[in-house]
Amino acid sequence: MDALRTGPRVRAPELIDGDWFNAAAPLTLKGLRGRFVLLDFWASCCGNCLHVLDELRSFEAAYEQVLTVIGVHSPKFPHEAEPSALAAAIERYDIGHPVLNDPGLELWRQYAVRAWPTLVLVDPEGYVVAQAAGEGQVSALAAVVDRLSAEHEARGTLRSADAPRASRNPQPQPGALRFPAKAVVLPAERTGRAEDTLLVADAGHHDVVELAADGETVLRRIGNGARGEPFAEPNGLALLPAGVVPDVDVLVADTANHVLRGIRLADGTVTRSYDLPAALAGARTVTGAIPTVLSPWDVAWWPAIERAVVAAAGVHLLLAVDVRTGATDVLAGTTVEGLRDGRPLDAWLAQPSGLAVDGARLWFVDAESSALRFLDADGELGTVVGEGLFDFGHVDGPAADARLQHPLGVTVLPDGSVAVLDTYNGAVRRYDPVDDNVTTLTDELAEPSGALLLGGELVVVESAAHRLVRPVPAARVVSDPPQRSHRPPAELATGAVTLTVTFTPAPGRVLDERHGPATALSVTASPPELLLDGGGESSELVRQLRLASGTGVLQVVAQAASCDDDPAVDHPACHLARQDWGVPVVVGPGGAASLNLPLLG
């Protein structure tokens, strides 16, 4: 939505006081008058927000003379609201622009934000001129900046100069590991060494590291230590059975490159790449085409189906990859972010981030619904711990009442129980399928994200402490009260509600209707009984809903296709804008009879 052209100009609310990072002093919109300001409302837990951070790197560089980007950190979970946790996230994701921590979501409310991530463009006179949620918005924003730059320059309201530079804080600290994510054991017979060793996905160094069994001594590094090729934030590893694929011993979930890499252990060479977006080209779920920003967060070999399973966190899917041919299929999920069990291809997942195989059962954790879930080879998908997108906590006891907080890893223990790396609680939890109970094995860890068994001993990847540790289990029961996210819900009326997704092609673009409707809209709800009428898929971006009184989440998925409007070009560049909103709602008398969501493209 280009608000300068579609409605009255709205003055942008001033920035609040708070903890600033990557800024020598607190910034204000008044002090930045004469420049464009892009506010990026993000959360460090949000995979889609990380995609936008990548998109913004080139955008910031291209427009640094006239544009300042400010990250407004709007946390979902209590842990990420802590300044130390945010500082670690800024270092982990190599964020160079100023960041303001807004743990109370004050600016979120003032700017009427509905989803992570949301981008708000403020013009040089301090007015909001564009606001849109989701990924893939940067080219549209660039078109708006290009057009308005000329107008403001003509009026004398544009101040062109290099963005003020401040030293980054915190500064990365040297060490063998930097934000390691997952690790696997390399048996001595596979490496030719005298003893078993450990292979670590060292996400912060953008490489893979082989350590001695002590978990500290570096034996070799695979990769060049620079973001790009062959690795960018690798997060997951899987050891393949010998001989399954010639010259491939280990698979690497190369997260920010959205591919799998194959490594030959004999010489540490990357011998194969599995281009997951290309393999899924043309594939569809019930919500439509699959976005290409997959963010594979983990990978595991599942003998029961003779496939590698990929936790595609960025699109809320589990994928099955034939490692011999590269053929890739959707194993579970629809791309809708949520928690729904049942048939795998109808289920809702929420940023699956860790995998563990136990015979015919695949265990996985969904980070955004703080859930421990399973997929059986016979086709059943279920949840043992977890309630929904906004329910979390540190609660032990019966699994139905237990709570986690943004878990990123899972490991099967020798007795058949499951260790969950409960990342934002800083704990290792244990789920016992026999008595259906959850306990805490150990806590006070710095964002544990993976674990393995070495000689019967549990070795934990303590990501934010940049190390592997062997914590001494001291099983106990934690009974903190369960929590819900304090994200402000939309208050809607019982009965008829008009849903409108506002889409206006960016300057210089037109809707792409060459092959049918250019837009699509899908609406579902959790719980399903909240949505009495108006669910399903259609091509119209305006929908009449009928809602029952209660609370829940409206799942809205919208997409719109546009192409550059250049008659002189036979095959113009085309663009697909897509966003998945999980909108928490309270439905009752006196609520609003309309819900408006902006989509920029």
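In this predicted model, helix 4 contributes the most to the lining of the largest cavity, supplying 4 residues. That helix spans 83–92 and is one of several elements with at least two residues in the lining; the others are helix 2 (47–62), helix 3 (78–81) and strand 8 (180–186). The lining of the largest cavity comprises 29 residues. Those lying nearest the centre of this cavity are Arg 92, Tyr 93, Trp 297, Leu 408 and Glu 447.

The space in the largest cavity amounts to about 320 Å³.

The wider search may now be considered. Applied to the whole structure, the search finds 5 cavities of 30 Å³ or more.

The second largest cavity holds about 100 Å³ of space. Lining this cavity are 13 residues, and Leu 50, His 51, Asp 54, Glu 233 and Ala 256 are the ones nearest its centre. Here helix 2 gives the most to the lining, with 5 residues. Helix 2 also supplies at least two residues to the lining of the largest cavity. By class, the lining of the second largest cavity divides into 5 nonpolar, 4 polar and 4 charged residues.

Definitions and conventions
Residues numbered from 1 in each chain as written. Predicted model: local features only at pLDDT ≥ 70, side-chain atom pairs only at ≥ 80, totals over all residues. Heavy atoms only, no water. 1 Å grid on protein atoms, 1.4 Å probe; cavity = no way out; pocket = protein on both sides within 12 Å on 5 of 7 lines; lining within 4 Å. Points joined across faces, edges and corners; volume = space filled by probe spheres on them. Nonpolar A, V, L, I, M, F, W, Y, C, P; charged D, E, K, R; others polar.
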